[in-house]
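The stops below go from the whole chain to the ligand.

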Amino acid sequence: MKNRAMMIAVLLMLAAGLSLLAANRPATAADPARENPLERYCTACHGLDRIYEKKFPAVKWWTTIRRMSTYDGFDLDVAQQKEVFAYLKAELAVDGPGGRQKALDKALEK
Ligand code: HEC
């Protein structure tokens with residue numbers, strides 16, 4: 001009887017420990033706010049609208065990211081710059097596969 005109570009207590013502690021571990025786990029890629037590197041890195045000095053309003057080709061996004069990275073207090077390492085670039089190229093660049101390419105094609109039809 002005593003062993004059984006001990007066993008249950010141990011199991012309960014294990015379960016509590018595991019749920020604590022799960023709660024403390026850092027946010028994963030499944031967290032939508034973290035998936036967008038612009039929200040993670042690019043909102044300290046200006047809003048995202050400043051970014052989304054631009055119709056830049058990929059190469060201009062790259063030079064813009066590089067310029068931002070020279071500003072005081074913004075320590076974006078090259079890996080992070082590439083992460084932001086991959087996102088901008090895919091989602092916003094006029095010559096990327098995102099919606100902007102369609103907008104550009106449409107504009108050129110006229
Ligand atoms: C340290 C402050 C700071 C951070 C962080 C920052 N920016 Fe900027 N951003 C600026 C300033 C200052 C300007 C206006 C001067 C300029 O265009 O260089 C600007 C302007 C811009 C513009 C308009 C440029 C144009 O040619 O009209 C874009 C696009 C932009 N930022 C994108 C980004 C992106 C993408 C990130 C994240 C990688 C970012 N910014 C992070 C300070 C910052």
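What pLDDT does the chain average, and what share of the residues score at least 70? The average is 81, and 71% of the residues reach at least 70; pLDDT is the predictor's confidence in each residue, from 0 to 100. This is a predicted model, in which local features need pLDDT of at least 70 and side-chain atom pairs count only at pLDDT 80 or more, while totals for chains, interfaces and linings use all residues. Residues are numbered from 1 along each chain as its sequence is written.

Colour by secondary structure. The chain has seven helices and zero strands; helices (H or I, at least four residues) and strands (E, at least two) are DSSP runs, numbered from the N terminus.

Now colour by confidence. Select helix 5 (residues 58–68), where the mean is highest, at 97, then helix 2 (residues 32–35), where it is lowest, at 60. Next select residues 25–29: pLDDT stays under 50 there, and the model has three contacts beyond four places in sequence for them. Two residues are in contact if their C-beta atoms, placed from the backbone, lie within 7 Å.

Move to the ligand and select the 18 residues around it; Cys42, Cys45, Met68, Tyr71 and Phe74 come nearest. A residue belongs here if its C-beta atom, placed from the backbone, lies within 6 Å of the molecule. Helix 5 gives the most to this shell, four residues. Helix 3 (37–41) and helix 4 (49–52) each supply at least two.
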